[in-house]
Amino acid sequence: MADSSYDVIIIGSGVGGGAVALQLAGSGARVLILERGPVLPREPQNWDPEALFCDLRYRSDETWTSGTRRFRPGQYYYVGGHTKFYGAAMFRFRERDFEESVHEDGFSPAWPISYADLEPWYTQAERLFGVRGTAGLDPTEPPRSAPYPHPSRSSKPR
Ligand SMILES: Cc1cc2nc3c(=O)[nH]c(=O)nc-3n(C[C@H](O)[C@H](O)[C@H](O)COP(=O)(O)OP(=O)(O)OC[C@H]3O[C@@H](n4cnc5c(N)ncnc54)[C@H](O)[C@@H]3O)c2cc1C
């Protein structure tokens, strides 16, 4: 019988699961990535705003409910996850995002870790993904131990 035991099982192949898998590659650990979606077909519609945003070609057909409201969620289940579709803006959470926050219909408890605990990992991830930016422009920006790996670039004209 084939050996079907693993040291690490990663559920989901988006940027989160992918970064973990990359860290583990070469470590000698037996790693299994589980992904519920198929491989996204490569076709002209990948670059077609009408197919993406009007026809919702790649969106899940699931129906979710919120109270009595039924809706088709903005979920994309593919190898590579939502990360195949995302806008590539890589923001760090702000310090207060880790604290308890009160909302109209309840509260979101504090995280068991703080921004300071994650800061070195944000720095490492920004290097891995080659994030561009200019520190110090955004007054809500949390402290960072290293500058952005690459300078910001101006936006392309629409
Ligand atoms: C159109 C769009 C634009 C976005 N733009 C941005 C942006 O600019 N910046 C930003 O920070 N975020 C953005 N987001 C959110 C963004 O997708 C996430 O921040 C990021 O891609 C999440 O990565 P992830 O690895 O956590 O999850 P995902 O990339 O979603 O990966 C999770 C994977 O897990 C799989 N999965 C789920 N459940 C199971 C299961 N039970 N078993 C097996 N597999 C499972 C899913 O199929 C998926 O492949 C955007 C999202 C969308 C849809």
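Residues are numbered from 1 along each chain as its sequence is written, and side-chain values use heavy atoms, with hydrogens and water left out. Because the model is predicted, local features need pLDDT of at least 70 and side-chain atom pairs count only at pLDDT 80 or more, whereas totals for chains, interfaces and linings use all residues.

The protein comprises three helices and six strands, taken as DSSP runs numbered from the N terminus (helices: H or I, at least four residues; strands: E, at least two). Along the sequence these elements follow the order β-α-β-α-β-β-β-β-α. The radius of gyration is 19 Å, well over the 15 Å that the globule rule gives for 158 residues, so the protein is more spread out than a compact globule. Here the radius is taken over C-alpha atoms, and the rule is 2.2 Å times the number of residues to the power 0.38. Along the principal axes, the C-alpha atoms fill a box of roughly 45 × 45 × 40 Å. Of the 158 residues, 22% are buried; buried means under 20% relative accessible area, exposed over 50%, and partly exposed in between (1.4 Å probe, protein chains only).

Polar contacts are pairs of N or O atoms within 3.5 Å. An N or O atom in the side chain of His82 is 2.5 Å from an oxygen atom of the ligand, and a polar side-chain atom of Glu35 lies 2.6 Å from a ligand oxygen. Val15 takes part through a polar backbone atom, 3.1 Å from an oxygen atom of the ligand. On its own the ligand has 980 Å² of accessible area, and the protein covers 60% of it (Shrake-Rupley method, 1.4 Å probe).

There are eight salt bridges, each defined by a side-chain nitrogen of Lys or Arg within 4 Å of a carboxyl oxygen of Asp or Glu. One of them joins Glu43 and Arg57, whose closest N and O atoms are 2.9 Å apart. Glu43 lies in the loop between β2 and α2 and Arg57 in the loop between α2 and β3, so this pair ties together parts that are 14 residues apart in sequence. Glu43 is buried at 17% relative accessible area, while Arg57 is partly exposed at 39%.

Another salt bridge links the side chains of Arg92 and Glu119 (3.0 Å, N to O). Arg92 lies in the loop between β4 and β5 and Glu119 in helix α3 (residues 115-129), so the pair ties together parts that are 27 residues apart in sequence. Arg92 is buried at 6%, and Glu119 is buried at 10%. Arg144 and Glu141, both buried, also meet in a salt bridge (3.5 Å, N to O). Through shared partners, salt bridges join Arg92, Glu119, Glu126, Glu141 and Arg144 into one network.

Two backbone angles remain. Most residues other than glycine have a negative phi. Leu56, in the loop between α2 (49-54) and β3 (64-66), has a positive phi near 50°. Ala88, in the loop between β4 (69-71) and β5 (101-103), has a positive phi near 65°; Ala88 counts as exposed at 53% relative accessibility.

Conventions. A polar contact is a pair of N or O atoms within 3.5 Å; within protein, one must be able to donate a hydrogen and the other to accept it, and residues adjacent in sequence count only if both atoms are side-chain atoms.
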